[in-house]
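Biologist: I would like to learn how to read salt bridges in a model. Could you take me through them one at a time?

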Amino acid sequence: MNLFNRRSVKMIGYIFLSLFFFSCAKIPVYQCQNLSGKTTPEFSAIPTTHFDKKNNIRYGVAVNDTNFFFTATLSDRTSYPRIMRSGLNLYFDPQGKKSKKYALKIERSPDQLNRQNLQGRPIQEPGMNGNIAAAINSTLKKVTWDANGEEFTFYRSPHLYAIEVNFTTNKYNELVLELQLPLKEIPLAGDHTFSAGLEMGSSAPPMKGSGSMSNNSGSGRGRGSGGGMGRMSGGGGGRGGQMKGMQQHPTGTSSSSAISSWFKVAL
């Protein structure tokens, strides 16, 4: 084998080795802040010390004796209209991989989509000068917790269910997702870890009308065919928020409006 062929074989080997290590790269591990013995915290007090540079998202995770608290600051403003259209899904995998058998889906209701399609008015997308959180809260009202095929669906309303979901904004006018979920619902590995993934929901039909932008949280509730979790009661958590300024955050915005961010949580 001549020198050229040996170098070619070696180069191919390096490429395959690099691809192997890249495919086996571990997702980041985030340690929960331990709030045992404390009541439901203010989400703004949970440090968002975990940063996904690719998706421009800062995460905070905390746990007390009964609940898991999750907050995500989405700094990429170009993603906001797509979130409003498609919703967000948060997945949990006790195996530490990227399985989607456990999914919290935050989305539009079918009735809401039908009303908006019938109205035929141009939609007002959330912008820099609008209350983004209020618009998304009034649009993404339907929440489904799919625990490995057992679904519990409700139209979110603060303090009526143990699962609480809320969107707010911080002083930089960035969108913030706040979530409270009972610890007993989270699938855990033996070492009390799980992986989680925040992704865009499936694309919704084009919005032809602006729909209702009221703050009514809705009263409908349902249960999936799998039996679900039954009615879930109580638990503080989600809190509404208003914009508190128009400062620019130093992180800027990313180049893509798609979200697919996975990480591992250690309780």
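**Reading the salt bridges**

Modeller: Lys142 and Glu107 form a salt bridge in which the closest N and O atoms are 3.9 Å apart; the term requires a side-chain nitrogen of Lys or Arg within 4 Å of a carboxyl oxygen of Asp or Glu. Because Lys142 lies in strand β8 (residues 142-147) and Glu107 in strand β7, the pair ties together parts that are 35 residues apart in sequence. Strands here are DSSP runs (E, at least two residues), numbered from the N terminus. This is a predicted model, in which local features need pLDDT of at least 70 and side-chain atom pairs count only at pLDDT 80 or more, while totals for chains, interfaces and linings use all residues. Residues are numbered from 1 along each chain as its sequence is written, and side-chain values use heavy atoms, with hydrogens and water left out.

Biologist: How many salt bridges does the structure hold?

Modeller: It holds three. Another of them joins the side chains of Arg58 and Glu174, at 3.0 Å from N to O. Arg58 lies in strand β4 and Glu174 in the loop between β10 (164-169) and β11 (175-182), so this pair ties together parts 116 residues apart in sequence.

Biologist: Is Glu174 buried or exposed?

Modeller: Buried means under 20% relative accessible area, exposed over 50%, and partly exposed in between, with a 1.4 Å probe and protein chains only. Glu174, at 0% relative accessibility, therefore counts as buried, and Arg58 is buried too, with a relative accessible area of 13%.

Definitions and conventions. Helices (H or I, at least four residues) and strands (E, at least two) are DSSP runs, numbered from the N terminus.
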